[in-house]
Amino acid sequence: MRKITVLLSILVLALGILTAGCGGGDKGDKKAAAPAPAAKEELIVGTEPSFAPFEFPEKDSKEFTGFDMDLIRALAKEMGYKKCTIKNMGFDALIPAINAGNLDVSIAGFSITEERKKQVIFSQPYYKSGLAFVVRKDVNDVKKFEDLQGKTIAVQLGTTGALYGEKLKEKGAVVKTFNTSDLACMELKNKGADAVISDLPVLQYFLKNGGSDYAKLAGEPLTAEDYGIVISKKKPELAKEVDKALDALKKNGTYDKLYEKWFGSKPAK
């Protein structure tokens with residue numbers, strides 16, 4: 001009987017100590033400041049760096065430069081990442097890499113299309129573009145898109161420019177596909193193609209940087225297209241973070257500064 005009484009006394013005492021300890025911990029937690037959220041380690045970004053002025057190799061460096069590259073680095077910083085790693089891949093491999101989980105996001109002058117939206121999430125638009133085409137200077141019978149019938153057209157594989165080229169196949173055009181926009185333009189220079197269909201700002205940059213020696217814009221822009229950042233459908237929260245960071249960069253003036261750096265004027269409001 002006494003043993004039981006002693007045991008009960010010990011248990012009561014132990015419970016009292018535990019209760020006091022727990023209570024003290026609660027009070028201490030309330031007084032302590034909440035720890036700052038840990039910085040995220042690394043944002044893995046995929047691109048195809050032959051799409052100047054959006055992404056292309058920096059001279060005398062292994063790094064990539066361009067409007068997209070500056071923008072994604074600024075976004076990664078705004079989102080709290082310690083490091084932004086950019087991987088070089090073929091354009092048509094980027095969406096599969098996103099869906100396989102090998103990349104967090106991809107930025108590569110991706111036009112937002114209904115077909116692509118079936119496969120991935122797009123951020124809010126960050127650039128308004130449009131398709132256009134250039135021809136060699138000695139090609140004088142092309143004034144509009146329909147005049148490309150029967151011509152040889154160079155396009156970049158997997159792009160909306162390639163889709164437009166396909167429309168002309170039924171009308172006798174020969175369409176040559178290349179892994180990069182640079183190679184398509186080189187085919188024009190080598191007289192292996194009469195025209196190149198690509199994004200207007202890319203063609204304007206190409207003409208400004210030597211292309212005008214042998215090529216010229218023809219006709220009116222074919223489309224108006226929005227560019228978006230690509231995210232896996234498995235990562236809707238990441239897509240929300242990207243949009244939130246984009247809004248912040250637009251609000252604090254960073255986006256306007258980058259736009260003016262690469263295109264010479266502030267974006268239209």
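Lysine 176 counts as partly exposed, at 29% relative accessibility; partly exposed is the range between buried (under 20% relative accessible area) and exposed (over 50%), with a 1.4 Å probe and protein chains only. The side chain of lysine 176 meets that of glutamate 187 in a salt bridge, 2.9 Å from N to O. Here a salt bridge is a side-chain nitrogen of Lys or Arg within 4 Å of a carboxyl oxygen of Asp or Glu, and the structure holds 15 of them.

The model is predicted: local features need pLDDT of at least 70, side-chain atom pairs count only at pLDDT 80 or more, and totals for chains, interfaces and linings use all residues. Residues are numbered from 1 along each chain as its sequence is written, and side-chain values use heavy atoms, with hydrogens and water left out.

**Glutamate 187 and lysine 176**

- The two side chains meet in a salt bridge, with glutamate 187 in helix 6 and lysine 176 in strand 10 (residues 174–178), so the pair ties together parts that are eleven residues apart in sequence.
- Helices (H or I, at least four residues) and strands (E, at least two) are DSSP runs, numbered from the N terminus.
- Glutamate 187 is buried, at a relative accessible area of 17%.

**Lysine 235 and aspartate 104**

- The closest N and O atoms of the salt bridge between lysine 235 and aspartate 104 are 3.1 Å apart.
- Lysine 235 sits in the loop between strand 14 (230–231) and helix 8 (236–252), and aspartate 104 in the loop between helix 3 (91–99) and strand 5 (105–106), so this pair ties together parts that are 131 residues apart in sequence.
- Lysine 235 is partly exposed at 27% relative accessibility, whereas aspartate 104 is buried at 17%.

**Arginine 136 and aspartate 194**

- A salt bridge of 3.1 Å, N to O, joins the side chains of arginine 136 and aspartate 194.
- Arginine 136 belongs to strand 8 (residues 131–136) and aspartate 194 to the loop between helix 6 (181–189) and strand 11 (195–199), so the pair ties together parts that are 58 residues apart in sequence.
- Arginine 136 is buried, with a relative accessible area of 11%, and aspartate 194 is buried, with 17%.
- A network of salt bridges links Arg136, Asp138 and Asp194.

**Cysteines**

- With a disulfide taken as a pair of cysteine sulfur atoms within 2.5 Å, the count comes to zero disulfides.
- Cysteine 84 is partly exposed, with a relative accessible area of 23%.
- Cysteine 185 counts as buried, at 6% relative accessibility.
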